[in-house]
Amino acid sequence: MSTTSKSRSVNVEEYVVTNEPFYVPQGDEIHVFEAAYRQRVPILLKGPTGTGKTRFVEYMAWYLGQKQKKALKNNKHNQIPLVTVACHEDLTASDLVGRYLLDANGTRWIDGPLTRAVKSGGICYLDEVVEARKDTTVIIHPLTDHRRILSIDKLGEVIEAAPGFLLVVSYNPGYQNAMKDLKHSTRQRFVALEFNFPDADIESKIIAHESGIDNENADLLAKLGQKIRNLREHGLEEGASTRVLIYAGRLILEKIPPRRACQVAVTWGITDDPQLQRTIDEVVSSIFP
């Protein structure tokens with residue numbers, strides 16, 4: 001027989017984002033996220049890989065934590081922890097909730113990342129949630145409605161989420177199929193924010209900041225990204241992410257010739273198709289002669 005208990009405090013200092021992550025907003029996503037956080041409405045982030053979803057969550061954890069610290073007179077214990085889980089097809093409910101482990105002193109219970117976030121009143125971010133098994137994601141349902149509870153069957157407990165707890169999930173719709181998509185019963189438990197690749201001006205600023213290269217090369221890499229994404233109409237499954245453009249910028253910073261840097265970071269990174277590789281190399285050559 002299960003018992004309901006209030007969330008217990010846990011040591012979460014290791015999960016607090018202490019330094020401001022670099023993030024350039026593209027719209028009103030900061031305002032919408034903050035409003036959802038105040039109302040404890042779960043959030044779904046949708047968009048291609050490399051469009052800043054994870055960085056956005058990190059920024060919001062820092063941003064909301066700073067506001068909370070000011071409101072509560074800079075008490076470090078009132079910061080907002082961020083617990084991130086990279087979902088995969090072998091992710092089990094025990095991986096999220098916790099399990100018993102054997103050590104030299106016998107058997108002891110270890111909370112999983114979701115349980116730690118629930119108890120601490122932090123943000124739990126499930127990255128690429130559709131990669132997890134469907135019988136695993138079902139356990140998040142009671143945390144996404146008015147109940148805000150987590151059942152821990154192995155302990156016979158039902159934990160009430162601490163007041164600050166918020167569930168955030170993300171996925172890339174472009175990679176999903178009928179076998180790997182969010183069930184409607186799950187999807188409609190979230191408000192959704194859509195992410196896409198930024199405009200060239202914004203992307204150039206991101207590339208320059210994250211890679212350290214000069215503005216001229218950052219502009220050229222942003223232009224390259226825009227042109228490669230247009231190739232999706234010609235069979236390219238996924239366009240060049242901002243992340244791979246940053247990697248190319250970092251190689252250029254290390255004196256790797258720009259065309260070679262783009263080849264290993266961009267061309268070979270996003271496709272194995274020889275014809276598409278030649279096409280991308282031609283685009284690179286037109287931008288970096």
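Biologist: How many aromatic pairs does the count come to? Please start from there and then go on to the charged side chains around them.

Modeller: Please keep in mind that this is a predicted model, and that a pair of aromatic rings is described by the distance of the centres and the angle of the planes. By the rule used here, the count comes to seven aromatic pairs. One of them joins Phe-56 and Phe-195, whose ring centres are 5.3 Å apart and whose planes stand at 55 degrees, so the pair is tilted; the limit to remember is that only planes over 60 degrees apart count as edge-to-face. This pair links distant parts of the chain, since Phe-56 belongs to helix α2 while Phe-195 lies in the loop between β10 (191-194) and α7, 139 residues apart. Both Phe-56 and Phe-195 are buried. For contrast, consider Tyr-100 and Trp-109, whose ring centres are 5.1 Å apart with the planes at 75 degrees, so that this pair is edge-to-face. Tyr-100 is partly exposed, with a relative accessible area of 42%.

Phe-56 and Phe-195 also belong to one aromatic cluster, which they form together with Tyr-23, Phe-33, Tyr-59, Trp-62 and Tyr-63.

Now to the charges. Side chains of opposite charge can pair when their charged atoms come close. The count comes to 11 salt bridges, and one of them is formed by Glu-210 and Arg-55, with the closest N and O atoms 3.1 Å apart. Glu-210 lies in helix α7 (residues 200-211) and Arg-55 in helix α2 (residues 53-71), so the pair ties together parts that are 155 residues apart in sequence. Glu-210 has a relative accessible area of 17% and is therefore buried, because buried means under 20%, whereas Arg-55, at 28%, counts as partly exposed.

The salt bridge between Arg-38 and Glu-34, with the closest N and O atoms 3.4 Å apart, is arranged within a single element: both residues lie in helix α1 (residues 29-39), four residues apart, which is about one turn of the helix. Glu-34 is buried, with a relative accessible area of 10%. Glu-34 and Arg-38 are also linked with Lys-67 in a network of salt bridges. Asp-103 and Arg-108 meet in another salt bridge, at 2.4 Å from N to O; here Asp-103 is partly exposed at 31% relative accessible area, and Arg-108 is partly exposed at 43%.

The charged end of Arg-40 sits over the ring of Tyr-37, 4.4 Å from its centre, and Arg-229 lies over the face of Phe-197, at 3.9 Å from the ring centre.

Conventions. Residues numbered from 1 in each chain as written. Predicted model: local features only at pLDDT ≥ 70, side-chain atom pairs only at ≥ 80, totals over all residues. Heavy atoms only, no water. Salt bridge = Lys/Arg side-chain N within 4 Å of Asp/Glu carboxyl O. Helix = DSSP H or I, 4+ residues; strand = E, 2+ residues; numbered from the N terminus. Buried < 20%, exposed > 50% of the residue type's maximum accessible area, 1.4 Å probe, protein only. Phe/Tyr/Trp six-rings, centres within 6.5 Å; stacked < 30°, edge-to-face > 60°. Lys NZ or Arg CZ within 6 Å of the ring centre and 35° of its normal.
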